[in-house]
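Subject: Structure handover

Hello,

Here is the structure I promised to pass on. Please open it first, then read my notes below.

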Amino acid sequence: MMISEVSEKFGISPDTLRYYERIGLIPTINRNKSGIREYTEQDCRWIQVILFMRDAGMSIELLLEYVEMVHQGDKTMQSRKELLIKQRNQLVERINEQQKILELLNGKIESYEQSVVPNEKKLMGTED
């Protein structure tokens with residue numbers, strides 16, 4: 001796949017893909033005879049993992065650490081697992097915080113519908 005296709009597939013810019021490659025977050029991408037990057041399915045799977053991790057809130061620095069551990073092989077398996085568990089716990093905490101915010105908004109909307117909307121209808125003379 002060409003960089004434009006990968007960019008479209010994942011909804012990220014070609015510049016981001018080049019940046020991720022330059023800093024070592026994704027492996028060096030093979031190039032054709034013209035020097036154009038050609039992404040393989042394996043490259044795309046790796047990009048997907050990186051994007052999932054970013055969506056989970058993992059920093060670039062922590063991702064680079066994770067990638068380095070992956071390259072070191074099985075001896076870092078426990079460290080990688082611990083890193084992922086820590087990231088998961090942080091994500092769960094953020095989800096819980098977002099759930100509280102959602103509940104607050106739902107309460108405000110319900111309050112609005114029970115008090116403001118009827119008063120507006122009364123003012124407009126459009127009561128049911």
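Let me start with a salt bridge. Aspartate 15 pairs with arginine 18, and their closest N and O atoms are 2.7 Å apart. A salt bridge here means a side-chain nitrogen of Lys or Arg within 4 Å of a carboxyl oxygen of Asp or Glu. The two residues are three apart in helix H2, so about one helical turn separates them. Helices (H or I, at least four residues) are DSSP runs, numbered from the N terminus. Aspartate 15 is exposed at 54% relative accessibility. Arginine 18 is partly exposed at 30%. For these words, buried means under 20% relative accessible area, exposed means over 50%, and partly exposed lies in between (1.4 Å probe, protein chains only).

A word on the source. This is a predicted model, where local features need pLDDT of at least 70 and side-chain atom pairs count only at pLDDT 80 or more, while totals for chains, interfaces and linings use all residues. Residues are numbered from 1 along each chain as its sequence is written, and side-chain values use heavy atoms, with hydrogens and water left out.

How many salt bridges are there by this rule? The count is two. The other entry to look at joins glutamate 21 and arginine 37, at 2.6 Å from N to O. This pair links distant parts of the chain. Glutamate 21 is in helix H2, arginine 37 is in the loop between H2 and H3, and they are 16 residues apart. Glutamate 21 is buried, at 10% relative accessible area. Arginine 37 is also buried, at 16%.

Next, the aromatic rings. The structure holds one aromatic pair. Tyrosine 19 and tyrosine 20 form it, with 6.1 Å between centres and 45 degrees between planes, which makes the pair tilted. Rings of Phe, Tyr and Trp (its six-membered ring) pair if their centres lie within 6.5 Å; planes under 30 degrees apart are stacked, over 60 edge-to-face, and the rest tilted. Is each tyrosine buried or partly exposed? Tyrosine 19 is partly exposed, at 34%. Tyrosine 20 is buried, at 8%.

Now the core. A nonpolar core is a set of buried Ala, Val, Leu, Ile, Met, Phe, Trp, Tyr and Cys residues joined through side-chain atoms within 4.5 Å. The largest one has 23 residues, and Tyr39, Ile47 and Ile50 touch the most other members. Helices H1 (3–10), H2 (14–23), H3 and H4 each supply at least two residues. H3 gives the most, with six. Isoleucine 50 touches Tyr20, Leu25, Ile26, Leu63 and Val67, leaving out residues up to four places away in sequence. Contact means heavy atoms within 4.5 Å.

H3 covers residues 41–55, which is 15 residues. Its first and last C-alpha atoms are 21 Å apart, close to the 21 Å expected at 1.5 Å a residue. That expected span is 1.5 Å times one less than the number of residues. Buried residues in H3 include Asp43, Cys44 and Trp46. Glycine 57 follows H3 and has a positive phi, near 100 degrees.

Last, threonine 76. This residue lies in the loop between helix H4 (60–72) and helix H5 (77–124). Threonine 76 is buried, at 7%. A polar atom of its side chain lies 2.9 Å from the backbone oxygen of glycine 73. Threonine 76 also touches Met69 and Val70, again not counting residues up to four places away in sequence.

Best wishes

Technical notes:
A polar contact is a pair of N or O atoms within 3.5 Å; within protein, one must be able to donate a hydrogen and the other to accept it, and residues adjacent in sequence count only if both atoms are side-chain atoms.
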